[in-house]
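Here are some friendly notes to read beside the structure. Take the points in order, and keep the 3D view open as you go.

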Amino acid sequence: MKTKGAVLWGIGEKWSVEEIEVGDPRAGEVMVELAASGLCHSDEHLVTGATPIATPLIGGHEGAGVVVKVGPGVTGLKEGDHVVTAFIPACGMCPPCSDGHQNLCDLGAGLLTGKSISDGSFRVQARGQDVVQMCLLGTFSPYITVHQASVVKIEPDIPLEVAALVGCGVSTGWGSATKVADVRPGETVVVMGAGGVGMNAVQGAAAAGAKRVVVIDPVAAKREWAMEFGATHTYETAEEATAAVNELTWGRMAEKVIITVGDIQGENVLEALTLTAKGGRAVVTGMGSAANVDVKLSLFELTLLQKDLQGAIFGGSNPRAEIPSLLSLYQEGRLNLDGLVTTKYTLEDINQGYQDMRDGKNIRGMVVYTDADR
């Protein structure tokens, strides 16, 4: 099928919206017609080269749509089913999946290769070349052909533009608070960075019963938005927040700190651990450069104050369970998804969408596909 897609041809270049060809589904695969795709900061890391991946590539890993073709051997999915893409495939059979950790599925080893799970070939071509699909998805196109392990079936009455959000940002942020940080009622929680992931860590911490949800973000608008999603206090810098949290907690500091900045640096870890109480936990959710191996922290405090530094991917959640669960909370009015999308864009405007993200204008920008894109 010939359609449009946003392709990155080299590090530092802009997304090129052009004609691509998406192959039909093979064994175990489905073709999905997408309604929308979120503009996640993780795809910005492809542009900067922070995430090592071959080009050309088609970006995007946060989408939702309708199955339009089904390949041989597919089970549990049929044409017309509504699905959300999961940027971590879940086979259900490998050791991590069998142990209840679908977010660590062994199929994730191929996320940045672009080679299909079913047979190791490519499903997207542009200008006569094979094109890597970001996270084996490539949702910066209205059509994707992906393995059944990379999509999760959802109820058909949920708006697809809303459902797309739980494919990455919502699940990652919410789970970072509720599962990885394991926020408990009455705790003080600090969230560093109030973007598409951080705002959902705020929602998760508030829903878990945190007494205080403290947000740190340099953008004034985001600090204001955070109050609408459950924050109780907001500060521009970690330095300001450290002094305030010290006073609020009578010197005990925050039981949980979640780092959700868009481009994490080594000093962010030191800032987070300084904000963390004795026996508390700092969760590293934000992504940085794969080449950055320098982290600043006090080994003295880490040991003597028994602080816990924990990594997190997909919020420590199982995609097949978490995606339907979060959408159920949305239907019940207990999770704010509508307010997360601050600006909608056409595919042609994707570069403007990412500039707006860099300028701090959005919680989450969203590409909404039109007939012109197809």
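Predicted model: local features only at pLDDT ≥ 70, side-chain atom pairs only at ≥ 80, totals over all residues.

1. Which residues line the largest cavity? The list runs Glu 29, Gly 114, Ser 116, Ile 117, Arg 123, Gln 133, Leu 136, Thr 145, Val 146, His 147 and Ser 150. Strand 9 gives the most to this lining, with three residues. Sorted by class, the lining of the largest cavity has six polar, three nonpolar and two charged residues.

2. Now try the second largest cavity. Leu 165, Gly 169, Val 170, Gly 196, Asn 200, Leu 340 and Arg 364 form its lining. By class, that makes three nonpolar, three polar and one charged. Keep Gly 169 and Val 170 in mind, as both belong to this lining and both are also buried residues of helix 4.

3. That brings us to helix 4, which spans residues 169-180 and is mostly covered, with 10 of its 12 residues buried. Besides Gly 169 and Val 170, the buried residues are Ser 171, Thr 172, Gly 173, Trp 174, Gly 175, Ser 176, Ala 177 and Val 180. What do the buried residues of helix 4 pack against? Their partners are helix 5 (198-207), helix 10 (319-331), strand 14 (254-259), strand 15 (276-284), strand 16 (308-311) and strand 18 (364-368).

4. Helix 4 is followed by Asp 182, and the phi of Asp 182 is positive, near 55°. Further along, Glu 187 lies in the loop between helix 4 and strand 11 (188-192). Is Glu 187 buried or exposed? Its relative accessible area is 12%, and because buried means under 20%, Glu 187 counts as buried. Leaving aside neighbours within four places in sequence, Glu 187 is in contact with Asp 182, Ala 210, Lys 211, Arg 212, Glu 255 and Lys 256.

5. The classes in the lining of the second largest pocket are eight nonpolar, four polar and two charged.

6. Next, find the aromatic rings. The structure holds three aromatic pairs. One of them joins Trp 15 and Phe 140 edge-to-face, with 5.4 Å from centre to centre and 90° between the planes. This pair links distant parts of the chain, 125 residues apart: Trp 15 is in the loop between strand 1 (2-8) and strand 2 (16-22), while Phe 140 is in the loop between strand 8 (129-133) and strand 9 (143-147). Both Trp 15 and Phe 140 are buried, and together with Tyr 354 they form one aromatic cluster.

7. Finally, see where charges meet rings. The charged end of Arg 127 sits over the ring of Trp 9, 4.0 Å from the ring centre. Likewise, Arg 374 has its charged end over the ring of Tyr 143, at 5.9 Å from the centre of that ring.

Key. Residues numbered from 1 in each chain as written. Heavy atoms only, no water. Phe/Tyr/Trp six-rings, centres within 6.5 Å; stacked < 30°, edge-to-face > 60°. Helix = DSSP H or I, 4+ residues; strand = E, 2+ residues; numbered from the N terminus. Buried < 20%, exposed > 50% of the residue type's maximum accessible area, 1.4 Å probe, protein only. Lys NZ or Arg CZ within 6 Å of the ring centre and 35° of its normal. Contact = heavy atoms within 4.5 Å. 1 Å grid on protein atoms, 1.4 Å probe; cavity = no way out; pocket = protein on both sides within 12 Å on 5 of 7 lines; lining within 4 Å. Nonpolar A, V, L, I, M, F, W, Y, C, P; charged D, E, K, R; others polar.
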